[in-house]
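Welcome! Please take a look at the sequence and the 3D structure below, and then we can walk through some of the features together.

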Amino acid sequence: MLFKPYNLSGIEIENRFIRSATYEKRADVDGFATDALIEFYRELAKGGVGLIITGNALVHVSGRSVPQMICIHKDHYIDKLKRLTKAIHNLDGKVIIQLVHGGRQCFPALLGGQQPIAPSEVYDPSTKITPREVTNEEIWEIIEAFGDAARRAMYAGFDGIQIHGAHGYLVSEFLSPHTNRRDDYWGGDEERRFHFLEEVYKAIKKEAADNYPILIKMNADDFIEGGLKPKESIRIAKRLEELGICAIEVSGGMYESGIKTVQLNIIKEEQEAYFRDNCRLFKKELNIPVILVGGIRSKSVAEDVLQKGDADLISISRPLIREPDLPNKFKEGKEKADCISCNGCMRFQKLDMVKCTQINK
Ligand SMILES: Cc1cc2nc3c(=O)[nH]c(=O)nc-3n(C[C@H](O)[C@H](O)[C@H](O)COP(=O)(O)O)c2cc1C
């Protein structure tokens, strides 16, 4: 099934492989797409992946979490992003952009010295930062920024967008009972914690064309005491399905929960596809496509996930940093990715750009 084409809400995908959103550190310091970024994406498109999701792109200056990330918070970013989408489309590739606000997982150094914002003032032991509670006025401004970014994404030629609703960034922080301790329209119970995402979705819908594909990546589990758990995340997914979201990528974890999102040393098949059980629960309850990410390394495991109906599509991040042509290699008979999940690629503070440190010593 892996090499069977797939229609994802109008996006014709050549196979079932998705490049999961992966920050590249290849935009310039102001967030404009560079030639290096475009070349990096050309390699991925040539490598046969059915759909590329870009690294997280910034929708509002208060949400910058990493340096040299792609920015889309102003109109003047559109032209260079157009070059990026064109380069991918010229190779018959498909690309959607992931929209993010970093919330409390931002650092003052990237915010002009400002304290990061979040739904509530909950200390993050992993960053040692206590964020400032975001005001009602700021919340509406950020919601509008997601809508504006979606409009720009459309003009720039992206085939769709993905809301980054996972990994403890702002959208995920509003959903999580651990990081959202508010008692107003934006928090207090499950329904109110959903309001921020609901309004973000509506703002995007208002700005984008009617049939523009809107996907989301979300946590099945925050892996933290008092955080989001699968029962509630599935209810959230059902609400999203009712609203009209076209696909859900199932992930988990946040900075504070340790290395749950990007697990280390995936060597044996039993260690692979570490969110598969959660993904299966989503699949059982939803009718829209569900995408599995996290530790998929072998062709046989990926095929089995699809055959057993545990997911509709397979999303991969780290292996494509090492081998951007992995889908083509799989097609030609390769059985397993070379990536050893050492997370050297994640030490990007020390790297000029995100790359595999095993083959770029
Ligand atoms: C260097 C690096 C950057 C990442 N950047 C993003 C990102 O921008 N957005 C996102 O949703 N996930 C990001 N992730 C997480 C991946 O998309 C993926 O969920 C995770 O790495 C597990 O998949 P894998 O085992 O195939 O790598 C990143 C991971 C790595 C290693």
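Axes here are lines fitted to C-alpha atoms, for helices over the stretch in contact, and angles run from 0 to 180 degrees between N-to-C directions. Helices (H or I, at least four residues) and strands (E, at least two) are DSSP runs, numbered from the N terminus.

On the α5 side, E190, F194, E198 and Y201 meet E232, I236, R239 and L243 of α6; residues are in contact if their C-beta atoms, placed from the backbone, lie within 7 Å. This contact has four nonpolar, no polar and four charged residues. In this scheme Ala, Val, Leu, Ile, Met, Phe, Trp, Tyr, Cys and Pro count as nonpolar, Asp, Glu, Lys and Arg as charged, and the others, Gly among them, as polar.

## How the model was made and numbered

This is a predicted model, where local features need pLDDT of at least 70, side-chain atom pairs count only at pLDDT 80 or more, and totals for chains, interfaces and linings use all residues. Residues are numbered from 1 along each chain as its sequence is written.

## Helices α3 and α5

Helix α5 (residues 190-207) also meets helix α3 (residues 136-155): their axes come within 8 Å and cross at roughly 40 degrees. That makes α3 oblique to α5, since angles under 35 degrees count as roughly parallel, over 145 as roughly antiparallel, 65 to 115 as roughly perpendicular and the rest as oblique. This crossing is right-handed. Among the residues in contact are I139, I143 and F146 of α3 and F196, V200 and I204 of α5. By class, the contact of α3 with α5 divides into eight nonpolar, one polar and six charged residues.

## The barrel

Eight strands form a closed barrel with parallel pairing, in the order β3-β4-β5-β8-β9-β10-β11-β12. Strands pair if DSSP finds at least two bridges between them. β3 (residues 17-19) and β12 (residues 313-316) pair over three bridges, and R19 stands opposite I316 in β12. Helix α6 (residues 230-243) lies across β9 (214-221) and β10 (247-252), at about 165 degrees to β9.

## Around the ligand

Which residues come nearest to the ligand? Of the 25 residues around it, these are S20, A21, N56, S317 and R318; a residue is near if its C-beta atom, placed from the backbone, lies within 6 Å. The shell has 11 nonpolar, 12 polar and two charged residues.

Definitions and conventions:
A crossing is left-handed if the near helix is turned anticlockwise from the far one by less than a right angle, and right-handed if clockwise. Two residues are in contact if their C-beta atoms, placed from the backbone, lie within 7 Å.
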